[in-house]
Amino acid sequence: MAFSLEERLQLGIHGLLPPCFLSQDVQLLRVLKNYEMKRDDLDRYVFLMGLQDRNEKLFYRVLTSNTERFMPIVYTPTVGLACQMYGLAFRRPRGLFITIHDLTHISTVLQSWPEKDIRAVCVTDGERILGLGDLGCYGMGIPVGKLALYTACGGMPPQQCLPVMLDVGTDNEELLKDPLYIGLRHKRIRGQAYDDLLEEFMKAVSDRYGMDCLIQFEDFANTNAFRLLSKYRDQYCTFNDDIQGTAAVAVAGLLAALRVTKSKMSDHTIVFQGAGEAAMGIADLITMAMEKEGLPKDEALRKIWMVDSKGLIVKGRDHLTHEKERFAHEHEQMRNLVDVVHELKPTAIIGVAAISGAFTEEIIRDMASFNERPIIFALSNPTSKAECTAEQCYTITEGRGIFASGSPFDPSAWASPPVQSDTSPMRSSSSPQR
């Protein structure tokens with residue numbers, strides 16, 4: 001409908017369209033009216049993905065018209081539900097699907113992608129999608145959504161972005177029995193074959209698109225995430241979003257919180273609920289921030305405590321990974337987070353274990369009892385996995401809590417005054433919506 005009369009005549013479509021000429025502004029109005037008629041967020045997601053398929057320019061016009069409104073639909077929290085329902089919502093493939101059976105000819109598969117000038121690749125193997133676990137090939141929704149934000153928030157041309165799914169199977173029995181499942185129907189392939197796939201993939205991407213092409217790792221399981229980051233970070237232009245990206249955003253949130261508490265990072269004692277990729281990445285960056293303030297590294301490490309599925313991480317506990325050992329301190333073993341918070345009296349608690357409701361009313365009350373401005377970050381995604389809600393934090397702390405979450409919550413009457421910060425899109429206590 002945007003084609004002029006001259007364009008319609010040149011294309012031979014005059015008479016095939018209604019006679020009216022509609023600008024993009026009017027098309028945007030039509031999309032917004034249709035969007036408002038959708039019943040729920042999943043319907044809205046499917047609607048926007050359909051728009052992306054048929055009119056990419058209009059899709060990004062919609063996204064940038066109100067990014068705060070549409071980002072929770074195309075990414076967290078709605079993208080989590082969309083991934084779980086990916087077989088049902090599937091309309092048209094987006095991105096590149098590379099399987100374990102493509103070993104030795106990944107470069108040929110890359111040739112199938114029509115664009116030759118790719119600047120950013122977002123890749124997942126679907127083993128740890130948000131806090132939802134192994135979603136296998138259904139995890140493709142994550143790199144697709146993430147790269148949509150590269151364009152909407154960062155202005156990157158969408159044709160320069162490539163979402164990739166490395167399908168090595170899934171250990172999710174429900175998916176293996178799902179008739180709508182779109183991936184390989186066998187258990188995950190691990191070991192040398194998996195490593196060979198990653199090695200060939202990294203080389204093939206760099207050979208085709210150049211060493212300056214960014215390769216972003218997204219939602220890999222803990223063991224592979226740390227290992228692959230360590231292996232490739234000095235060889236390729238790459239980073240792990242769950243370890244490094246989450247850390248950058250979370251520490252930016254803490255730095256904003258310091259402006260409210262009028263303190264230094266090294267003044268704080270921080271307890272993590274969770275000890276996976278996100279926790280380790282955030283803790284490492286907090287340690288660096290404390291060192292920059294002049295605190296020795298060993299003292300900085302002692303200000304960070306972690307609680308995993310077996311309780312408080314302490315020295316002498318069995319089966320600690322190398323990453324966890326760095327944050328193991330001398331202390332009696334404690335199983336429950338509520339006891340840990342009561343005993344250690346932290347100034348900040350950070351939830352990254354995807355355990356819904358982990359920050360109970362008792363824990364939040366304790367935090368408020370020994371902190372004038374308790375810092376409470378419930379960062380697990382999607383919203384259904386958040387450790388507490390914004391409303392719970394503000395209500396129980398009587399508005400004194402400094403809250404941040406991984407996905408947006410509804411507006412709260414308790415929200416604190418704005419704290420100006422442009423560090424990240426993470427939801428924090430710096431606006432009424434947060």
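These legends walk through a few close-up views of a predicted model. Local features need pLDDT of at least 70 and side-chain atom pairs count only at pLDDT 80 or more, while totals for chains, interfaces and linings use all residues. Residues are numbered from 1 along each chain as its sequence is written, and side-chain values use heavy atoms, with hydrogens and water left out.

**View 1. Phe-59 and Tyr-60 form an aromatic pair.**
Rings of Phe, Tyr and Trp (its six-membered ring) pair if their centres lie within 6.5 Å; planes under 30 degrees apart are stacked, over 60 edge-to-face, and the rest tilted. A search of the whole structure turns up 9 aromatic pairs. In this edge-to-face one, the centres are 4.8 Å apart, with 75° between the planes. Phe-59 counts as buried (under 20% relative accessible area; exposed is over 50%, partly exposed in between; 1.4 Å probe, protein chains only), because its relative accessibility is 0%. Tyr-60 is buried too, at 10%.

**View 2. Four rings make a cluster.**
Here, ring pairs link up Tyr-86, Phe-90, Tyr-138 and Tyr-181.

**View 3. Asn-371 sits in a loop.**
Look between helix H18 (361–369) and strand S10 (375–378) to find this loop. Helices (H or I, at least four residues) and strands (E, at least two) are DSSP runs, numbered from the N terminus. Asn-371 is buried, with a relative accessible area of 11%. The Asn-371 side chain reaches the backbone oxygen of Pro-346 at 2.9 Å. Leaving out residues up to four places away in sequence, Asn-371 touches (heavy atoms within 4.5 Å) Pro-346, Thr-347 and Arg-400.

Technical notes. Polar contact = N/O pair within 3.5 Å; in protein donor to acceptor, adjacent residues only side chain to side chain.
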